[in-house]
Every structure is written in structure tokens, then in C-alpha cells.
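Let's take a walk through a protein, one piece at a time. Keep the picture open while you read.

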Amino acid sequence: MSRSSASARWLAVLRTPVGATAGLLLIGFLALSIIAPPLWGDDANAVDTDSILQGPSAEHLVGTDNLGRDLFLRVLVASASSIQLALLATGLAVMAGVILGSVPLLVGPRLGRLITSAINIAIAFPGLLLALFFAVIFGVGSTGAVLAIGAAGAPSFARLMLTLTASVIERDYVSAARIAGVGRVRILLRHVLPNIGEPLVVNATIGAGGALLAFASLSFLGLGVQPPAYDWGQLLNTGLNSIYRNPAAAFAPGIAVVLAGLAFNMLGESIAQIIGAPTIRSGSRTHRRRELRAASHPLPPEESRSTTSDRVLDVVDLSVTFPGADGPVRPVRGINLTVQRGEAVGIVGESGSGKSLTALAIARLIEEPGQVDAERLEFLGVDLLSGSEREHRDLLGTSLAVVFQDPMTSFNPTQRMGRQLAEVAEQHQGMNRRHALLRAIDRLRAVRVPTPALRAQQYPHQFSGGMRQRAMIGMGLMGSPALIIADEPTTALDPTVQQQVLRLLASIRRADDVAILLISHDVSVVAELCGRVVVMYAGQIVEDLPAAELTTRARHPYTRALIAAVPTMRTDLGMPLNAIPGLPVDPAHVPVGCPYSARCPRADDHCRDEDPPLVADAAGRRVACWHADELEES
């Protein structure tokens with residue numbers, strides 16, 4: 001979001017009746033808290049023994065206290081301590097809450113779950129009860145009250161921080177930042193906090209009203225501001241002692257507390273309505289460090305795939321496991337895959353077949369409670385299963401690029417495009433800000449973004465969908481990627497832009513001999529760009545064959561069904577489109593035998609009893625089907 005649009009949204013708050021009323025009230029109270037002490041401080045503290053405990057009059061609008069001091073002036077002067085201490089306590093609560101809510105992101109899921117549980121337990125107690133508890137710990141007085149109210153308000157802000165962070169941390173641009181090697185603290189500061197600022201401001205504004213009431217309550221109970229200092233809560237306590245003789249002595253500070261609290265709460269609610277309430281900006285789903293850049297020749301012959309030195313990716317028996325209600329769930333099972341330098345490999349299958357999870361596992365983006373197991377998972381000869389995330393950060397950040405399907409979730413909306421691309425060069429190539437930005441402009445030019453210097457200064461919402469996809473590719477080119485994983489990179493684009501993106505990927509692949517792993521549910525897209533196609537079903541590879549033979553020599557019934565489901569120029573418009581009968585397999589309840597048997601027209605008892613192995617023929621084509629030879633002959 002640009003600064004001008006953000007300013008317009010904030011000004012829109014003051015244009016609503018509630019927002020304007022609350023704003024004027026709040027400005028009035030804030031101004032009063034500043035000017036009242038120097039203007040009326042001495043008169044408010046002046047003792048007049050001849051006017052003790054008088055009622056309202058022309059000279060004393062609210063009456064006097066037991067020392068003859070003017071209560072109206074004291075209420076005005078008390079606005080300074082009441083509002084300033086409440087704001088101080090609110091700031092402390094927000095700061096402590098943000099720190100507490102950020103800890104799970106910084107320390108990892110195991111310790112993070114303990115901290116989250118502690119926060120949830122603290123939230124179960126009423127705020128005022130917590131404030132009383134902490135007031136005993138921190139002691140009586142204004143300092144102790146500020147600390148107590150800040151500590152009591154911290155759990156609610158921490159819980160809000162956890163919720164907002166959980167929404168942002170799953171965005172594609174955060175995953176991209178991890179691939180780019182950005183550390184957890186930098187992710188928090190650059191990609192999380194800027195995108196949750198508005199909800200925090202809304203809740204902090206509302207929280208200030210609550211802090212004001214809590215502070216008045218502590219002072220009323222004698223735990224807050226101590227004589228000779230005073231605030232509205234202490235004046236309320238004093239006035240309550242003479243409420244039957246002079247009700248105005250209690251009503252005046254009470255009305256001040258209510259009006260100031262309403263001003264904070266009404267303004268917070270108005271901000272929430274204009275900004276969209278405490279939710280993450282949907283435009284803010286973006287920043288993508290998903291590096292890409294791919295290149296490879298249409299189909300490497302078998303000899304070219306045999307040398308280990310040219311092997312970019314080597315995966316043996318890869319599986320991904322998540323805990324489930326009825327035991328572990330394995331949505332990815334036994335994946336064996338190699339990708340050579342310059343090779344373009346496509347992975348196709350229905351939604352839920354495990355394509356994207358396989359890519360995430362390769363990119364080391366599966367987090368707990370998910371677990372990745374493999375006999376071998378090597379990228380450029382480096383074992384990704386051994387060592388820490390930090391040890392692999394530079395390798396994955398410069399040599400692996402990932403592109404995800406939704407351009408809107410690809411970039412951080414709070415940062416300019418050039419800065420987002422430049423971060424890769426700053427992190428891994430040691431460039432300063434100026435040279436990194438020049439590199440970013442050059443990469444935007446390389447992916448055919450017009451006027452790249454101007455575009456680098458713009459925000460993601462000022463880019464079209466196709467332009468954002470190009471910028472993602474440019475981000476991948478900031479390093480020197482050996483492999484680009486493109487997960488449904490054209491799904492959210494119209495056909496014309498799809499072709500432009502595919503041609504761009506193909507040209508990058510040919511120019512730099514970069515490998516591409518293209519994931520899609522669209523067989524025609526994969527066949528256009530890739531030389532080899534891997535078909536997945538129920539978390540397994542069921543067929544692996546050259547793209548040129550996809551429509552003529554596919555041997556698995558599922559592969560043939562996928563091809564038949566794609567309409568062509570010869571499809572009879574008067575007939576219903578082909579569809580695969582039945583539903584995909586639930587990963588939590590994978591049947592015995594071939595997982596496709598329930599939907600396969602050729603399934604027999606052998607298929608239903610025993611899962612076929614993935615077997616390679618003499619040409620290197622692999623298939624997992626008991627009837628593969630029959631289908632090849634048909």
C-alpha cells in the first residue's frame with residue numbers, strides 16, 4: 001500500500017460521524033492533559049480552609065474537597081496523570097505482547113507451543129484480576145500501577161500477535177524469504193510486523209480505553225497514584241466518601257473517565273470499520289522471494305541423465321508425514337525423482353495428489369508437526385537432511401528458486417518491488433543497498449518488465465498479475481539458481497499471460513541451462529514446457545515418461561484419464577466433457593492395493609490386493625500398474 005492511500009484510509013476514519021466525534025473528544029482530552037497542569041495546577045492545589053466540603057457554586061462548579069480545593073480544577077489537572085499513565089501502560093502492554101507473541105516464531109514450534117499455552121492460560125483470567133495480582137508484585141504507586149496494567153494487558157496483545165502472525169507466516173512471500181536465506185528476526189521485522197501494524201493500532205487504541213479504566217480502578221482502590229499526586233480514580237474515591245452531601249464530587253471524575261474511555265474505544269472501532277477490522281490486509285499477502293529461473297533442453301536422453309555431476313536434484317524414497325486423529329497421515333509416500341541440469345520436468349495430478357507437498361519438502365519448507373523422511377534428498381550434491389536450516393540457507397537462497405501460483409501472495413505489500421528483489425543480493429551476495437537495487441532493476445529488465453527503474457519504486461498492487469509473475473522470476477534471477485520449482489505458476493493468469501510466462505521460463509532455461517520442476521494440474525501446460533512428465537496420484541508417482549509420448553504411449557489408466565479430461569479443438573461441444581469417476585484418495589485412509597483401483601475400469605482383484613511397484617522399462621520410462629503392458633499394446 002502506498003503512503004498516500006494509507007493516509008487516505010486514516011483520514012477516512014475522521015470523516016465518519018463516530019470517528020469525528022471520538023477524534024474531537026480525544027484531541028480535547030489530550031490537549032487538556034497538556035495545558036491543564038501549567039494553567040490551573042497551582043489553583044487546583046490551593047488550600048482554602050474557609051471553603052471546606054462546599055457543594056457546587058458559581059465559584060466552585062463541582063464543589064470543594066476536605067481541604068477546600070476546587071474539585072473541578074482538580075478534575076481538569078488530573079487528566080494529565082490519568083491519560084499519560086494510561087497511554088504509558090498501553091504502550092508497555094503492546095510492547096510486551098508483541099515480544100511475547102513473536103517468541104514462538106523466533107524460537108521454533110516446540111518451545112513456542114509452551115509459550116502459547118502460557119499466554120492462553122493468562123488470557124483466561126479477567127484483566128482487572130491480573131492487574132490486582134501484578135499490583136501486589138510491583139507495589140503500590142503510579143509506577144507499580146503502570147507495570148501492573150501493562151503486564152495484565154500483555155497476554156491479550158500477545159494472543160492477537162500470535163493469531164496475526166499465524167496468518168502472515170503462511171503466506172508465500174514469507175516462505176520465499178526463508179528460501180532466500182532470510183533469518184527469523186529479519187522475517188519478523190520486515191515481513192510480519194509491517195503487515196499486522198493496522199490491527200495492532202486498532203487494538204492498541206481500544207486497549208488504551210481499557211487501560212484508562214483499569215488505572216482509575218487501581219487508584220480508586222488505593223493501589224495506583226498516591227497523595228499528594230492525584231488522578232481521576234483517586235478523585236473518584238475521595239468524592240465517593242461525600243456522595244450523599246455532594247454527588248457532583250464523585251460524578252465529575254467518573255464522567256471524565258467514561259468520556260475519555262469512550263473516546264479511545266469509539267476511535268478504535270471507527271478505525272476498525274474503515275481499515276477492515278483487525279485482519280491482515282489481503283493485499284498484504286505478498287512478498288516473494290521465490291526465486292526462479294529455469295532452463296533445460298526439451299528431453300535429455302537417458303545417457304545424459306546418468307552422470308551424477310550433472311544431477312541437480314536426487315530424491316530417493318521421500319515421504320511427508322503429519323499427525324492425524326487416527327494416526328500418522330502420509331500425503332507423500334515413496335517419491336523417487338532425479339532432475340538433471342538443464343532438464344525440465346513436469347509433475348501433474350489432481351488436487352491433493354501430493355505435488356505441492358513434494359515441492360515444499362524438497363525446498364525444506366515443511367515445518368513441524370510435519371516430518372520429512374527420505375533415504376536420500378540431495379540438492380547439488382548436498383544432503384539436505386543432515387545439518388541445520390542455517391547451514392543450507394545460503395545454498396537454497398542462491399541456487400533454488402520457487403514460484404507459487406497466486407501472484408497476489410507473492411510479494412510483501414508494504415515494501416517497494418525493488419527493495420524486495422534487492423534483499424536477496426544483500427543477504428547472499430554481500431551487496432550494499434545501492435548496488436543491490438541496481439541489480440534488482442537489471443533483473444526486472446531481464447524478465448522484460450517495462451521501465452524497470454520506475455517499476456522498482458512501485459508497490460506490488462501497482463503491478464498486474466502477469467507483471468508480478470515476471471517480477472517473481474526476476475527475484476529468482478537475483479542469485480544463480482540451478483533449479484526453479486514452479487508450483488502452478490500460471491493458474492491465476494489469463495491464457496495470454498500464461499503463454500508469456502511459459503515462454504519466459506523456457507527462454508531463461510535455454511539461456512542458462514537451469515533445471516525446472518513445473519507442478520501443475522494442467523497436462524497441456526506441462527507438455528508445452530517440459531521434456532519429461534511425472535504423474536502423481538495419492539502421494540505416489542504412478543508414471544514417469546517423456547512429454548512427447550504423453551498422448552501416445554501413456555501406460556497408466558490415470559495418466560490416460562487425465563489426458564482425456566483435457567478438451568481439444570476436436571472436442572465435440574455437444575457432448576459432455578470427460579471426467580474421472582469417483583473421488584481422489586483421502587491421505588488419511590489410503591486403501592490396500594493400488595490406490596487408483598476404486599476409479600480404474602481395468603482394476604481386478606490383484607489390483608485391489610497389492611500395490612504395484614514403480615518399474616522402469618528399457619527406455620527408462622516408469623509406471624506403477626499391473627496392466628501397463630496391456631495398455632501399451634492397446
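Predicted model: local features only at pLDDT ≥ 70, side-chain atom pairs only at ≥ 80, totals over all residues.

Helices (H or I, at least four residues) and strands (E, at least two) are DSSP runs, numbered from the N terminus. By that count, the protein chain has 22 helices and 13 strands. Residues are numbered from 1 along each chain as its sequence is written.

The protein chain averages 82, and 89% of the residues score at least 70. Over residues 276-307, though, pLDDT stays under 50. For that stretch the model has 168 contacts beyond four places in sequence, a contact being heavy atoms within 4.5 Å.

Now pick out Ser-319, which sits in strand 1 (residues 311-322). Is Ser-319 buried or exposed? Its relative accessible area is 6%, so Ser-319 is buried (buried means under 20%, exposed over 50%, partly exposed in between, with a 1.4 Å probe and protein chains only). Beyond its neighbours within four places in sequence, Ser-319 is in contact with residues including Arg-330, Val-332, Gln-371 and Asp-373. Across the protein chain, buried residues make up 52% of the 634 residues.

Eight strands form an open sheet with mixed pairing, in the order 7-8-9-3-10-11-13-12; two strands pair if DSSP finds at least two bridges between them. Strand 7 (400-403) and strand 12 (615-616) stand at the edges with a single partner strand each, so one side of each has no neighbour in the sheet. Strand 11 (residues 540-546) and strand 13 (residues 622-623) run antiparallel, joined by two bridges. In strand 13, Val-623 is the bridge partner of Glu-543.

Finally, look for the second largest pocket. A pocket is an open set of points on a 1 Å grid over the protein atoms alone, where a 1.4 Å probe fits, with protein on both sides within 12 Å along at least five of seven lines; lining residues have an atom within 4 Å of a point. This pocket is lined by 22 residues, and Gly-127, Ala-152, Gly-153, Ser-156 and Gly-210 lie nearest its centre. Helix 3 (71-107) and helix 9 (197-220) are among the helices that each supply at least two residues of the lining.

Note on methods: Heavy atoms only, no water. pLDDT = per-residue confidence, 0-100.
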